Amino acid sequence: MKLRCTKVMITCGGSGIRKAIAKRFVQDGANVVIAGRSKEKLKNVCDEINSKNINYIEWDIAKLS
């Protein structure tokens, strides 16, 4: 499936199934942002996927007011 021009945000994207989903979406052409509490884990995922179409943001959804 081709997802060009598609923007996706994945919370808790630093590991597990969400990491795999991020990887697949990037492979299919989507622009992906992964969010989570661990900047190091998120950066590692972005480095592993190694694409200009993935970025990360350090964000703890539990701290929403």
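**View 1. The buried side of helix H2.** Four residues of helix H2 (residues 39-49) are buried: Leu42, Val45, Cys46 and Ile49. They share one side of H2, because the arc they cover around the axis is only 95°. Keep in mind that this is a predicted model. Among the elements covering these buried residues are helix H1 (16-27), strand S2 (31-36) and strand S3 (54-58).

**View 2. Just past the end of helix H2.** Have a look at asparagine 50, which comes just after H2. Its phi is positive, at about 55°.

View 3. Lysine 19 belongs to helix H1 and glutamate 48 to helix H2, so the pair ties together parts that are 29 residues apart in sequence. Glutamate 48 is partly exposed at 45% relative accessibility, and lysine 19 is partly exposed at 26%.

View 4. Lysine 43 pairs with aspartate 47 in a salt bridge, the closest N and O atoms being 3.0 Å apart. Both residues lie in H2, four residues apart, which is about one turn of the helix. Aspartate 47 is partly exposed, with 45% relative accessibility, as is lysine 43, with a relative accessible area of 40%.

**View 5. Arginine 24 meets aspartate 28.** The side chains of these two residues form a salt bridge, 3.0 Å from N to O. Aspartate 28 is buried, at 9% relative accessible area, whereas arginine 24 counts as partly exposed at 45%. The count of salt bridges comes to three.

Methods. Residues numbered from 1 in each chain as written. Predicted model: local features only at pLDDT ≥ 70, side-chain atom pairs only at ≥ 80, totals over all residues. Heavy atoms only, no water. Buried < 20%, exposed > 50% of the residue type's maximum accessible area, 1.4 Å probe, protein only. Helix = DSSP H or I, 4+ residues; strand = E, 2+ residues; numbered from the N terminus. Arc of directions from axis to C-beta. Contact = heavy atoms within 4.5 Å. Salt bridge = Lys/Arg side-chain N within 4 Å of Asp/Glu carboxyl O.
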